[in-house]
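Dear colleague,

I am passing on the structure we spoke of, and my notes on it follow below. Please read them with the structure open beside you.

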Amino acid sequence: MAMSPIDAELLRNAMASIADEMYIALLKSAYSTNIKERRDHSTALFDAAGRVVVQGESMPLHLASMLGLVEVVLEKYGTEGVRPGDMFLSNDPYVGRGSHLPDVAIAAPVFHDGKLIMFACNIAHHADIGGMSPGSMAGGMTEIYQEGLRIPPIRLMRDGEVIQDVMDMILLNVRVPEERLGDYNAQIAANQLALRRTAPLIQRWSPDRIIEGCDAIIAAVARRTRAAISDLPNGVYHFEDLVDDDGLSREDIRIKVAISVTNDEIEFDFDGTDPQVEGNNNVTMAGLQAACLYCLKVLLDPDCPQNHGMLNPVTIKAPKGSVVNATFPAASAARAQTAQRIVDVILGALAPAYPERITAASNGANTSAAFFGRSAEGKYYVYLETLGGGAGARAYRDGTDGVQVHMTNTSNLPIEALETEYPLMIERYEYVEDSGGAGKYRGGLGIRRDYRPIGHETTFSGQGERFVHSPWGIFGGAPGATGKFAILSDSGKERRLANKPSALRVGPDSVINVVTAGAGGYGDPQERPVDAVAGDRKSGKFSQDYIDKHYPKQS
Amino acid sequence: MYIGVDVGGTFTDIAINRDDGSNLLLHKLPSTPDAPEQAIVEGLRMIMEQEGLSAANVRRLAHGTTVGTNALIQRKCGTVGLITSRGFRDLLEIGRQTRPAVYDMHSDHPAPLVERHLRIDVPQRTLADGSVHVPLDEDAVREAAGRLAAAKVDCVVVCFLHSYAFPADEQRAAQILLANLPNHVTVISSSSVYPEFREYERFSTTVLNAALITIIGSYLDRLTASVAGLGVPSEVKISQSAGGLMSVRMAREYPIRASLSGPAAGVQGALRRATAAGFPDIITLDVGGTSADVALLRDGTAVEVNERDLAGFPIRIPALDVNAVGAGGGSIAWIDRDGLLKVGPRSAGAVPGPLCYDLGGTEPTVTDANVMLGRLNNETLLDGRMPIEAGVAVDGITRLATALEVTPDETALGILRVACATMVKAIRSISVERGHTPSDFALFVYGGAGALFASDVARELGMKRVVVPPDPGILCAEGAMNAALSTDFVTTILAPLGTEGLRDLRSAAEELQARAANWFTAESVPVEQERRVWTIGARYFGQNYELTLPFDLTLSSDRLMAELKEAFHAKHETTYGFASKSEPIQIVNVAVKAIGELERPSLPVLSEDGKAAPVSRRPVLFDNDHRVDTPVYARTDLFSGQLIAGPAIVEQMDTTVVIFPEETAVVDLWGNLVIDIRRL
């Protein structure tokens, strides 16, 4: 008998609260800034077949890349090879179906009376996973071996004990191993928490009811996603856009999509997209799936719980070996940059289908700045952060200034925390004047953040996008401004850097200047209300010159 | 005579304790949002006249209010200007650079309370170690004062980086501003409001405090004048978010501390009653029309947290750890796009209200489910003032049942179970998820709808006892009058837990000791009523969130260090499931809560005379099985020592208590109904 809609809701609620609790526990006990401040982690419960049933609050890029590990573990070990007290981990985009090496996923099978019922799994972005460059995110590498330690799906625990040989092997390969051990411990503890919480749940509902319930919960999301897709008019929608470069050898990397909506089903076809690149901004299938699912959720049903059911009415096609479906040994650390552009092309394509929900292009990047060095006191440090920029203007409102968009929503580290922990100081953190595209509703402003190393030389690596190709406006709106990296020396010289600079040494007499892109406007600038233009002027966010140029009638 | 007043958006509640053991006098009247003091004075005058009481005998009038919160939500607050370090003018607006909902491109954080043209950055920059990177440019501050004065600001806040540890520049800038701004303009520095690190949260707290100063100041002027006009000889005391009271003087300076006082006063009331009744460990469940608030009290002490949101802005003030969720009597039952049954967070509110009010409601609510199952009176509620149309409720739920393909009774039970699951989740997050076991606690329920859910929630969490106070609808007003004066002082030290760190801890404690002493003097607290509670916030080096631990300042350094270490590892283990005993620990901050004990009114005692017989009987559905013929008692008939065997319903003006089959309830000396949850 199928589970009633009342019981399915009750079970979903109970399982979701376990995933939520894992999420918070991991957040609060982790060491990596990426986890503790930037929330670059996700948690979920899977059914015994390896399908996500409930996911805690999570990063859009983890929407699908988490789907991989449990599936792969089941393929490799089979249900009979998985035993109580096991935990498995992997980070590899190819054999582990992850999306980049710093994201380490750990899964724990949940048994009841010797029977496999479900899996608890969490994934977290470690501050370092080894490789050529500190922080394991830098550009300039051409194959995945340079990016860090590749961990295939393997056992990390047996009979409830960590396999020390495995842990030793991992820790020897990563920088600041004491802190990383803290992160692995926090991830293991989050899964153990799930084991403690699921035991009484299974006892109470009975294993059969749980299995039945998982089916019902996944089916409900599939139904819901189908209903949401039905809101779109049938048709085929096209769009394309360019990624600035891969940091090595290629510029203007094309991403092209044709989206076919047929009743309650949708197909994304990326035929015509450029081949994978030498640089590290390749996206694997897991990342592509995450980007497509993100767009569906954000456009059609923001409140939809995330699980395997979302994939049910969705077909994704992409040429094998393309930059959106990369194959071994493509480097993929900076896959978030390209994932952002995938979102841009999907939203751009669906603009005519859903003009009231769509936005103009946002800053389209996961602009990141990484610092490595040894402080004047001799202490090594690795620090990575990502910056927001403009968010695209909307059908009824201006875009937000200086905010994380789409595939990322990581918060900044408080400056007072950053300056206490690292020998760096922030000299400026402010909006970039005139960087939002004009329109009936204007695009959001980019951010400027200036860093100065204190008393030592730091090694800077960065990832920038929309530094060349502006975020587009829509329905007559103007594009937003592009961003840049530069070195400002105290003598007054400015040196513009590459869009993806790698391992650049900067001394205390210079400032690393990071400027992120703004966002596009929505609708004809001539329709912008006079008092909105007056507000642009009064706030100082836009100059008189800009206003005269874009809003001559209203100024 | 002691008076407690709670001003909510809809009702102003007044509770008077004559301090002679007789029942509380209670009064509920419509609030007057434009001038909240009017309802207070009106209500007090009426009740005193009726009962022949003299205002001259009032020993304390304690007051909880949401005046500030409402002003913020409606953005009817003062104009604020901001002075900050050069290069950080936009920090207040950038916030944490996140969007509030990851998957919603259309929701934004609220616009900052200081407009951008009123945010002025001046050359000034101190680094983390206190070294001066750019000295304060005093002329730039003077120039800024001129611009802000011309913009007619009501208040100016000074927010410099690293001021939590090095406040000198903020203090100097504040002096200059005071000298250069018109007299009526208040100047506040971030280090005086919340001297802790993490700049955005500190700046935000300071700005919210500033925005409230004008509006709360004038409200307090009117309130104190009109209360004095009644002939009340003692000063009004104001409830705080952490449950204690503060003087009008403190409330004028730190209005933000009153912002979350409503739920805190309720918890304070629960604390007082539960402790008296012999339940020092309770979880409170306050269910109203729209939401349920839960809190945990251990050893008669409520848990406090610092991180809260107010009107969409982060604030850092000591507040009771009250977790609110969208499940209440008016919560609407609906079928989501996925076909599953959902309850809340939308509520039918008081207007149009549940279907059974027949006032235009169109969707079934939790109250309708309770009416259909016979748990709520299906003819009238509120002592006969609210007629109930049970048929309309049944029709609505039957429509829902058809869509869900289950029976109407299963649907009604399902609505209650889904709402109950939401409350259980809220309780789990403040108990199980913090290392507490709910079965060690009694469930203390109040608010109009709390007692309807008590048994289901308790059973779900394995709790064995439920306590229903005599007047669950008015506990906030009652709680306010039972609280002590209190305030909190905190300082960030970021020191290792070692010999050197303990020196920092002791010198920070000395400084806090002095600040507490000043406060005790200013509030005229007699020495024998002074109390101090010391805590540190600590974490493993490299972590970002701290755990709070109490400590005893009188211990020798060696013992103190050993005890703190052990306590920290243990707390980390219970909170997160692991401890890293070899890892170094960092003390983030040191805090003292200064408490000035006040005389408390005695709790009224219930008479041993009463009527044991039920007033009526009705069929009630308790579980999936069948309706049971159930006796209905009037709460006002109950007497001290009375035993009631389930199944039974106890009705009073604004609350209905459900006692399930096989449960037993006893009425204690103070009139609490204590239910034994046997059917585990």
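Two residues are taken to be in contact if their C-beta atoms, placed from the backbone, lie within 7 Å. This is a predicted model, in which local features need pLDDT of at least 70 and side-chain atom pairs count only at pLDDT 80 or more, while totals for chains, interfaces and linings use all residues. Residues are numbered from 1 along each chain as its sequence is written, and chains are lettered from A and ligands numbered from 1 in the order in which they are written.

Leaving aside neighbours within four places in sequence, Met423(B) is in contact with Leu285(B), Ala292(B), Val294(B), Val325(B), Ala327(B), Phe453(B) and Val457(B).

As for the domains, whose bounds come from an automatic or database domain assignment, chain A is given domain 1 (5-224) and domain 2 (359-555), and the C-alpha centres of these two lie 33 Å apart. Their contact draws 20 residues from domain 1 of chain A and 18 residues from domain 2 of chain A. On the domain 1 side there are eight nonpolar, six polar and six charged residues, where Ala, Val, Leu, Ile, Met, Phe, Trp, Tyr, Cys and Pro count as nonpolar, Asp, Glu, Lys and Arg as charged, and the others, Gly among them, as polar.

In chain B, domain 1 covers 80-211 and domain 2 covers 485-596, with their C-alpha centres 28 Å apart. Here five residues of domain 1 of chain B are in contact with four residues of domain 2 of chain B, and the domain 1 side of that contact has four nonpolar, no polar and one charged residues.
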